Structure formats: structure tokens, C-alpha cells
Amino acid sequence: MASLRARTVRPVVRTAALGTGAPVASASRQYPDPAFIAEVKAAFPAKAVADPEEVRVLYSEGYNWLDVRPTVEFEDQGKMRNAVNVPILKTIRKLETVNGKMERIIEKIPNPEFVAQVSKKFPKKDTPIMIGCLDGKTYSIEALVQLDEAGYTSLVGILGGWDEVSKTFTPSLMRK
């Protein structure tokens, strides 16, 4: 799998409007610009990590969104419409005494069936899959490693996770 390093985004230079012909820097590398779509399609999955604009393109090109947060977090913190949730950690709710008071505790334990559960949802190892969690790191990195080791070949991490994507797009990936 390609390296999961962030990259620097350089603005696209376009010809100015109003007939001046002078170049104008534009930071609007975004969906649905056809040149941007072509650039993203050519770069992935080898690029390995997608920013929110690239995520939008990849989703429109047939990538699946695999959210690997525990189900409680997936339900409580917002989610992408049509996302498939396969938690890399299971959660167990408990009542424990803390400082003499009963408190609800959520214990997180590794999901030993994670890869098998993903394989049931995505049996073809070349299925294009974007993997995310809330911040793109807490659970996603381990999920990318496990699925890469299991032989999946079209994996892309979501830079900044659902938190970053949701700043620009709605759960159905419409621009805000």
C-alpha cells in the first residue's frame, strides 16, 4: 500500500475572466471541475490518502465508504449516507463505581472479526474502498493496515475523516 503521508496542495492556475488573459491563482480544486476529476481518477488508489474534495470525486466514481468507528460513535457523531459501518473496535457498556458513584462506562475492545466482517461486505479484494473514522486517524490507520495485510488493493484513507468531510459536504455529499 502507498504511504499514508499528507501532501501539500498547490493551487491551480487558470486564465483570468474578463478577457485580461493574466493568470489567476485559484484554490478551487474541487468537484465537479472536469480537470480536477480527471486528476483525482488518475492519482488513486496509488495516492492512498484523499482530502475532502478528492473524497467527493472518488465517491462519485464508485468508491465505497467504510466507516470503522465503533457503532456507538458511528450513530452518535454523524455519518456519511450509505456508509458501511464495520467497527474495528467493539464497545461494551458497563456500570462501574467511580469515586463512590455509579457511572456508565464504555469499554472498547478489538474486534477479532473485523477483516472477516469486511470480507462479507466487500468480498472482492479489488473493491475500491475509502476508509474513515471521525478524525481519519484514531481507527482508520489500523483498519487500513489490517485490510492491506488481508490483500485488499484499492484502499484510500480519508484525510481528516468524517469531521473534515462534514465541514464541506452534507451526509449525502452535497456541498454546504
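Of the contacts in the chain with a separation of 6 or more, 55% join residues 24 or more positions apart, a contact being heavy atoms within 4.5 Å. The structure is a predicted model, in which local features need pLDDT of at least 70, side-chain atom pairs count only at pLDDT 80 or more, and totals for chains, interfaces and linings use all residues. Residues are numbered from 1 along each chain as its sequence is written, and side-chain values use heavy atoms, with hydrogens and water left out.

The chain holds six helices and nine strands; these are DSSP runs numbered from the N terminus, helices being H or I of at least four residues and strands E of at least two. Two strands pair if DSSP finds at least two bridges between them. Five of the strands form an open sheet with parallel pairing, in the order S3-S9-S8-S4-S5. Strands S3 (49-50) and S5 (84-85) are at the edges with a single partner strand each, so one side of each has no neighbour in the sheet. Within this sheet, S4 (residues 64-67) runs parallel to S8 (residues 129-132) and is joined to S8 by four bridges; Leu 66 lies opposite Ile 131 of S8.

A second pairing is antiparallel: ten bridges link S6 (residues 89-98) to S7 (residues 101-110). Leu 95 has Arg 104 in S7 as its bridge partner. Two residues lie between the strands of this hairpin, where Asn 99 adopts a positive phi near 55 degrees.

Turning to the helices, the axes of H1 (residues 34-43) and H2 (residues 52-60) come within 10 Å and cross at roughly 85 degrees. Axes are lines fitted to C-alpha atoms, for helices over the stretch in contact, with angles from 0 to 180 degrees between N-to-C directions. Phe 36, Ile 37 and Val 40 of H1 meet Glu 53, Glu 54, Val 57 and Leu 58 of H2.

Buried residues, those under 20% relative accessible area with a 1.4 Å probe and protein chains only, make up 36% of the 176 residues. A nonpolar core is a set of buried Ala, Val, Leu, Ile, Met, Phe, Trp, Tyr and Cys residues joined through side-chain atoms within 4.5 Å. The largest such core has 20 residues, and those with the most contacts inside it include Phe 44, Leu 58, Trp 65 and Val 165. H1, H2, strand S9 (155-158) and helix H6 (161-168) each contribute at least two residues to this core. Apart from it lies another core of 16 residues, including Val 118, Tyr 139, Leu 144 and Leu 155.

Conventions. Buried means under 20% relative accessible area, exposed over 50%, partly exposed in between (1.4 Å probe, protein chains only).
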